[in-house]
Amino acid sequence: MNIFLHSISGVIIILILIIVGYVLAAMGWFPGSTDKLIAKLVTQLALPCYMIDTITSKFTSHELISIVPDLVFPVLSMLILMVIAVLFARILKVDPSHRGLFSSMFFNSNTVFVGLPINQALFGPKSIPFVLIYYMANTTIFWTIGTYFIQKDGSTEATFNWKATLKKVLSPPLLGFIVGVVLVLLNIKLPLFLSKDLSYLGNLTTPLSMIFIGICVYNAGLKQLTLKKDNLLILLGRFVLAPLLMTLLVAPTNFPILMKQVFILQSAMPVMTNAPVVARLYNADADYASVMVTETTFLSLLVVPILMALTQSL
């Protein structure tokens, strides 16, 4: 019961921050493209600083090297979910206008804007390396396979551009992660003033991320939230099949309980906030993507405490 209450507390912390973002957006605090500015601050400034600060201050080279092979679990899980998504789209007759987008949202999760703050609230800094492992796999698959699926829904022929894809994969957060790893492996200690600056900027990650989600929820509009067949299938994939599959993969292993819990939670995170942006870029169904980001974000706040309680038996 204590664990369940603790998980509820962690989710409430996140929920309050989302509500703050929603209320401020309703009050007109974020005109024009202010939401894009916040997203840019998080992804290109706060999060890279957070990665560097956390890795260099919390981990040794031995710890980092030992967790790299664990990448196979999130990658395998997402590839299996991809196959399931494609089968669902055809057999259950998902709307052809957004089948590719449906598949992409089915097997990719929001491991940064929602996953990172939730894991940090529940488990603290010790969960960060496992969060980053899942993030590496998820961001790579989204900007390659996931983006290709979304392109298939658009008005132009789907292509695969290695140069553009590599630029997306090597995003500022991932580059921050790589810089942090290199510094640790080379045993390079940052000056105290630089470490403090990185820490201050990195601490912006969680509040700004949640305020951004609140703005997205407001912009999408609560009236747009429906439970049509295609929406329900995404919810089934994100909150039932994904954590169930990850549990089946990691439960038999002798890995640390914390790693198993983080992987299961990360697999059940909401739809990526990048999905509507990419959909709009390729003339796919961006409205559908925005609604699914909103619905899955809301429901994740209910799912997380349940998963936390269930994973205690691992």
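The second largest pocket in this predicted model has a volume of about 250 Å³. A pocket here is an open set of points on a 1 Å grid over the protein atoms alone, where a 1.4 Å probe fits, with protein on both sides within 12 Å along at least five of seven lines. Its 14 lining residues (an atom within 4 Å of a point) include T56, S57, V184, I188 and K189, which lie nearest the centre. Two or more lining residues come from each of α2 (34-58), α9 (172-185) and α10 (192-202), and α2 gives the most, with three. Helices are DSSP runs (H or I, at least four residues) numbered from the N terminus.

The largest nonpolar core has 90 residues, with F102, M105, F130, I213, I234 and F263 making the most contacts inside it. Such a core joins buried Ala, Val, Leu, Ile, Met, Phe, Trp, Tyr and Cys residues through side-chain atoms within 4.5 Å; buried means under 20% relative accessible area (1.4 Å probe, protein chains only). Helix α7 (residues 128-153) supplies the largest share, 13 residues.

Residues are numbered from 1 along each chain as its sequence is written. Local features need pLDDT of at least 70, side-chain atom pairs count only at pLDDT 80 or more, totals for chains, interfaces and linings use all residues, and side-chain values use heavy atoms, without hydrogens and water.

How values were computed: Grid points are joined across faces, edges and corners, and a volume is the space filled by probe spheres set on the points. Buried means under 20% relative accessible area, exposed over 50%, partly exposed in between (1.4 Å probe, protein chains only).
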